[in-house]
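Have a look at the picture first, then read on.

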Amino acid sequence: MQKETLTPLGLFLAKKSVNKADVARKTGLSTYRISQLSINTKSHLRVDELFLIALAIEADPAELLAFICKDVALPVKEKVN
């Protein structure tokens, strides 16, 4: 049996003890979509979905975005002399 891995969104929702069915009802997104965004690392979160989820859980959209993108960085370029 393979253990499910949470995505950054899944971690954020778990940290906030969020009811995914409630989020789905408030946002209009399906419970399946919320679940996939929470556990499937190949699912891509759209910005409109992020914004709706933030509104539904009464979180700052910028805080949610920063949490989800905490590992995103610009590539380091080597200096040319």
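Does Glu63 count as buried, partly exposed or exposed? Glu63 has 36% relative accessibility, so it counts as partly exposed (buried is under 20% relative accessible area, exposed is over 50%, and partly exposed lies in between, with a 1.4 Å probe and protein chains only).

## Ground rules

This is a predicted model, where local features need pLDDT of at least 70 and side-chain atom pairs count only at pLDDT 80 or more, while totals for chains, interfaces and linings use all residues. Residues are numbered from 1 along each chain as its sequence is written, and side-chain values use heavy atoms, leaving out hydrogens and water.

## Overall build

The chain has 5 helices and 0 strands, following the pattern α-α-α-α-α along the sequence. Helices (H or I, at least four residues) and strands (E, at least two) are DSSP runs, numbered from the N terminus.

Its C-alpha trace spans about 55 × 35 × 20 Å along the principal axes. Buried residues account for 28% of the 81.

## A bridge across the sequence

Side chains of opposite charge can pair when their charged atoms come close. The structure holds 6 salt bridges (a side-chain nitrogen of Lys or Arg within 4 Å of a carboxyl oxygen of Asp or Glu).

In one of them, Glu63 pairs with Lys16, and the closest N and O atoms are 3.9 Å apart. Glu63 sits in helix H5 (residues 61-68) and Lys16 in the loop between helix H1 (8-15) and helix H2 (20-27), so the pair ties together parts that are 47 residues apart in sequence. Lys16, with a relative accessible area of 41%, is partly exposed.

## A linked group around Arg46

What are Arg33, Arg46, Asp48 and Glu49 linked in? These residues form a network of salt bridges. Arg46 bridges to Asp48, with the closest N and O atoms 3.1 Å apart, and Arg46 also meets Glu49 in a salt bridge at 3.6 Å, N to O.

How covered are these side chains? Arg46 is partly exposed at a relative accessible area of 45%, and Asp48 is partly exposed at 39%. Glu49, on the other hand, is buried, with 2% relative accessibility.
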